[in-house]
Amino acid sequence: MYEDVAVELTKEFIRMESFSVEGKQKIIAFMYHKIKEETDAEVQIVDGHTENLYLIAHHKNGEGYHLLLQGHLDTVSLDGVQDPLNPIEKDGEIYGRGSCDMKAGSASNYAAFKYACDHQVKGDVYLMYSTDEETYAQQTVSAFERGLLPSCDIGIISEPTNQTLMVAQKGNAWIEVEFIGKSAHSSMPELGENAIYMASAFIQAFQKYTEEKFKRNSHPLLGEAKMNVGAIEAGKQANSVPANCRIVIDKRYLPNETINDFQEEIDIVAKRLKDTYPVFRYQTNILVDCTPMEIDSSSEKFLQLKALLEKALDRKLEVDVFGGWGEGGTLAKYATDTLYFGPGNSIYAHTDEERVGIEAIKEVTSGIIAIVKSKCV
């Protein structure tokens, strides 16, 4: 029954565009009314008249386990997808924008939440839907900071994991570095200080330094941290020495690191350059800091959950790491151990052939309900 609820809700979600602000408002309103009509849970839309709206529902029935089912309803653009809002069934799969990332997983989360409400399980079960995971990923931060979500015993995010358990992910941070020079006419460059030259010297030195450091500090599951200079802006015309140059560095950092390590790496390289390049000047600005996460896969908590899922699904589950960034990093930041467990293969996410298996949706729904049955008693 609940598995079928998840499959049908996946189709309903696909029919609703949720890339635009208007689309996000409509899909959140749809879920608000659905939860109101189908459960006795407390439910609220937060910041509903803004582009940063999200939904939180809460089933409470006495003291006990705190479980958070979290997902996002926003998608990337519909561009390139033929009939993106039509949930076409073909060979046991459902096609459409967001089917894989992560409307199917969000539907599984709702079905498990509905089970908790229908059976009046004990403990606290929270359901949260964000609408900015594909962009700024700050709504889940907001929910914790405003006290709308507590730290929970476990958080389950049903991103597409191909029905494996994913226990760790890198963080994702962006730091802007601005190099400050002095303008002059190109016929007399010696009267200026070329900020592009400063940036060039820094980028080469920073790449060398981080490559060596990252090799020394590899993580047993996630491997090395990664760095990329992904944006650069400078100069207005060729006959002027540029006084400013701005770059943005993307770092995928490890669970034993923080944004402070990233900042320190920049400062170390800059100091070395300043020792041999006296006019070298720079300033930094943190643009994004999406934290990493890791749940100890040898811990009793994890092994119990894994055994529960394996018994419910009657098969062994693989343990892996999440390749990109998801909101598990935010949950971990607020003392909530997180598992990624969802339907669909991430290789289809954001593609023009996005799809998810129907049996995968059912299996994930069954697995999450098994956790509800076992823990919320």
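Me: Which residues in α1 meet α3?
Reply: This is a predicted model. In it, Tyr-2, Val-5, Ala-6, Leu-9, Thr-10, Phe-13 and Ile-14 of α1 make the contact. On the α3 side, the partners include Ser-99, Lys-103, Ala-104, Tyr-110 and Asp-118.

Me: How many of the residues in that contact are nonpolar, polar and charged?
Reply: Eleven are nonpolar, four polar and three charged.

Me: At what angle do α1 and α3 pack?
Reply: About 140 degrees, with the axes 8 Å apart. Helix α1 covers residues 2-15 and α3 covers residues 99-118.

Me: Why is α1 called oblique to α3?
Reply: The angle is about 140 degrees. Roughly antiparallel starts over 145, so α1 counts as oblique to α3.

Me: Is the crossing left-handed or right-handed?
Reply: Right-handed.

Me: Switching to charges. How many salt bridges are in the whole structure?
Reply: A search finds 21.

Me: Which residue does Glu-89 form a salt bridge with?
Reply: Lys-11. The closest N and O atoms are 2.4 Å apart.

Me: Why does that pair tie together separate parts?
Reply: Glu-89 sits in strand β4 (residues 88-90) and Lys-11 in helix α1, so the bridge joins parts 78 residues apart in sequence.

Me: Lys-11, buried or exposed?
Reply: Buried, at 10% relative accessibility. Glu-89 is partly exposed, at 45%.

Me: What about Glu-93, which residue does its side chain meet?
Reply: Arg-355, in a salt bridge of 3.8 Å from N to O. Glu-93 is in strand β5 (residues 93-95) and Arg-355 in strand β19 (residues 355-357). They are 262 residues apart, so this pair links distant parts of the chain. 

Me: And Arg-355, buried or exposed?
Reply: Buried, at 16% relative accessibility. Glu-93 is partly exposed, with a relative accessible area of 22%.

Me: What does Arg-246 form with Glu-176?
Reply: A salt bridge, with the closest N and O atoms 2.3 Å apart.

Me: Where do those two sit?
Reply: Arg-246 is in strand β14 (residues 244-253). Glu-176 is in strand β10 (residues 171-180).

Me: Why does Glu-176 count as buried?
Reply: Its relative accessibility is 17%, and buried means under 20%. Arg-246, at 23%, counts as partly exposed.

Me: Last one. Which residues are linked in a network of salt bridges?
Reply: Lys-213, Lys-251, Glu-257 and Glu-265.

Terms used. Residues numbered from 1 in each chain as written. Predicted model: local features only at pLDDT ≥ 70, side-chain atom pairs only at ≥ 80, totals over all residues. Heavy atoms only, no water. Axes fitted to C-alpha atoms, helices over the stretch in contact; angles between N-to-C directions. Helix = DSSP H or I, 4+ residues; strand = E, 2+ residues; numbered from the N terminus. Parallel < 35°, antiparallel > 145°, perpendicular 65-115°, else oblique. Left-handed = near helix turned anticlockwise from the far one by under 90°. Contact = heavy atoms within 4.5 Å. Nonpolar A, V, L, I, M, F, W, Y, C, P; charged D, E, K, R; others polar. Salt bridge = Lys/Arg side-chain N within 4 Å of Asp/Glu carboxyl O. Buried < 20%, exposed > 50% of the residue type's maximum accessible area, 1.4 Å probe, protein only.
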